[in-house]
Amino acid sequence: MAQSYSDYIVAQSKRHPCLRNLSRFMLNDIAKQDCRIVSLGFFAQDEKPRRTDLDLWELEALLDAEVSGCQGRIIIIEDLSKAVIETLGWSLDIDPLFFASQIHGPTMDVASSKPSIAILPSRSLTQNFLSVQYQRPVDFDACSIAPRKMLCNSNVPRRLVLLPPMKNIYIGLEQQSCSILLSSTKSPSWLEVILVDKPTSEKYTTPDMQLVLPSRPFQGGYEDFSERRSVVEPDSGGPGRISLLEDLVYYWEKERPPAFQPEQPTLLSLTYYPLKIAAGEWVSYIAVMSNSIKQYEYSTEAPLEEHRLRKIDSDLRSLEVWGRRCLQSSSKLQSVINFLKYQNKGDTDHEQHSLLIRDFEYIAALVDAYGRRLEIIVPVVISVLQISDTRRSLKEAANVTRLTNLALLFVPLSFVASLLVWMGVCQGTISPSTLL
């Protein structure tokens with residue numbers, strides 16, 4: 001029997017090697033800041049859930065207590081830490097794969113795999129949790145000195161990649177993840193655990209320095225998907241689009257998702273709001289793809305200067321990276337589609353869930369279409385480079401031909417001039433001393 005949840009993770013990592021990243025996180029965890037914990041309690045007499053902000057000790061007490069009249073509870077945790085993993089994992093007997101799916105590394109580690117890649121669909125579809133991964137576009141002010149890759153200042157490291165500027169606008173793609181678990185408890189009430197990342201901040205780190213870069217959601221963030229208010233009804237505004245935790249609380253307090261039964265909800269109904277927000281972020285990501293592709297359209301008629309040739313070389317590298325991003329994005333979207341279809345199987349009464357499947361299929365089709373367009377652009381860019389080399393070779397050949405013509409004219413003239421000079425010397429019209 002394991003003495004702690006960390007020991008249990010180490011033991012399980014021998015059976016599941018994809019847990020090694022989680023095991024290293026538990027061993028080397030140095031929390032940069034306390035994570036935020038919010039509880040939403042559902043009571044039959046209340047129309048809206050009751051919000052309670054918790055610290056770690058209050059979370060432990062809440063997991064052990066039985067609240068009278070509480071039908072169920074949602075616990076949202078922002079920027080996970082080792083202490084919270086120990087508390088939740090030990091109290092609720094949670095599969096370590098749930099935490100490992102949230103704590104995937106910012107870079108691809110060849111020595112260890114990610115759960116999203118290592119776990120086959122036959123197992124991932126039957127689990128009691130879902131991990132949603134996506135890229136969040138952020139808009140920076142002028143930051144030409146910033147490095148291309150940075151890490152967000154958070155307990156769970158997330159990578160941010162700065163794209164080449166588009167019309168003097170600097171856009172970054174930030175890794176984001178949201179994991180949702182429907183857990184069984186000792187009490188009759190249900191419990192949902194949602195893990196979210198820290199909001200976009202101004203602090204970023206690199207191996208050499210720490211940076212402060214003000215940022216904001218690209219194009220104002222995702223579109224609000226809630227029902228439109230009537231003209232005569234008061235409008236309380238929309239989500240903040242900065243903190244995923246606050247956005248989830250906003251939607252849960254505003255209205256309950258389709259097919260949500262507070263007495264016994266399903267995992268599908270509990271993942272509705274996180275998936276809708278993720279779909280909105282994917283739409284912003286596609287807008288970035290569309291604008292980026294326009295940067296790689298060239299004309300074979302325009303002259304190519306040296307600095308433009310260097311730009312094309314850089315664009316070729318960017319196109320290769322975008323091709324890899326498209327493959328990864330398609331995989332992430334397909335995993336969500338498979339989950340929705342599996343959970344919605346045999347339940348066709350809820351139209352909103354079918355429409356959500358359509359949303360993700362539409363996004364996946366756009367990513368696939370832009371991916372094919374990128375594949376077409378790569379040979380075009382290579383052709384532009386080849387045309388440029390050919391033009392340069394032709395220009396150099398023309399210069400050589402011009403020099404050859406000058407040489408053909410100059411050599412006979414020099415010979416004739418020499419003969420005339422010596423003829424003058426022989427006839428005495430030119431003194432030999434003048435030639436010295």
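Reader: Happy to start with the voids: what volume does the second largest cavity have?
Author: Glad you asked! Keep in mind that this is a predicted model. Its structure holds two cavities of 30 Å³ or more. For the second largest cavity, the volume is about 60 Å³.

Reader: Which class, nonpolar, polar or charged, has five residues in the lining of the second largest cavity?
Author: Let's look at who is there: the lining includes Cys 152, Asn 153, Arg 158, Asp 197 and Pro 199. Two lining residues are nonpolar and four are charged. The class with five residues is polar.

Reader: And what volume does the largest cavity have, and which elements each supply at least two residues of its lining?
Author: The volume of the largest cavity is about 100 Å³. Among its 15 lining residues, Arg 136, Gln 176, Ile 242, Leu 244 and Glu 281 are the closest to the centre. The elements that each supply at least two lining residues are β4 (129–140), α8 (244–254) and α10.

Reader: Now some electrostatics: how many residues apart in sequence are the parts tied together by Arg 36 and Glu 246?
Author: These two residues form a salt bridge, with the closest N and O atoms 2.4 Å apart. Arg 36 sits in strand β1 and Glu 246 in helix α8, so the pair joins parts whose separation in sequence is 210 residues.

Reader: Arg 36 also forms a salt bridge with Glu 78; is Glu 78 buried or exposed?
Author: In that pair, the closest N and O atoms are 3.8 Å apart. Arg 36 has 31% relative accessibility, so this residue counts as partly exposed. Glu 78 has a relative accessible area of 5%, and because the cut-off is under 20%, Glu 78 is buried.

Reader: Which residues are linked with Arg 36 in a network of salt bridges?
Author: The structure holds 13 salt bridges. Together with Arg 36, the network links Arg 51, Asp 53, Glu 78 and Glu 246.

Note on methods. Residues numbered from 1 in each chain as written. Predicted model: local features only at pLDDT ≥ 70, side-chain atom pairs only at ≥ 80, totals over all residues. Heavy atoms only, no water. 1 Å grid on protein atoms, 1.4 Å probe; cavity = no way out; pocket = protein on both sides within 12 Å on 5 of 7 lines; lining within 4 Å. Points joined across faces, edges and corners; volume = space filled by probe spheres on them. Helix = DSSP H or I, 4+ residues; strand = E, 2+ residues; numbered from the N terminus. Nonpolar A, V, L, I, M, F, W, Y, C, P; charged D, E, K, R; others polar. Salt bridge = Lys/Arg side-chain N within 4 Å of Asp/Glu carboxyl O. Buried < 20%, exposed > 50% of the residue type's maximum accessible area, 1.4 Å probe, protein only.
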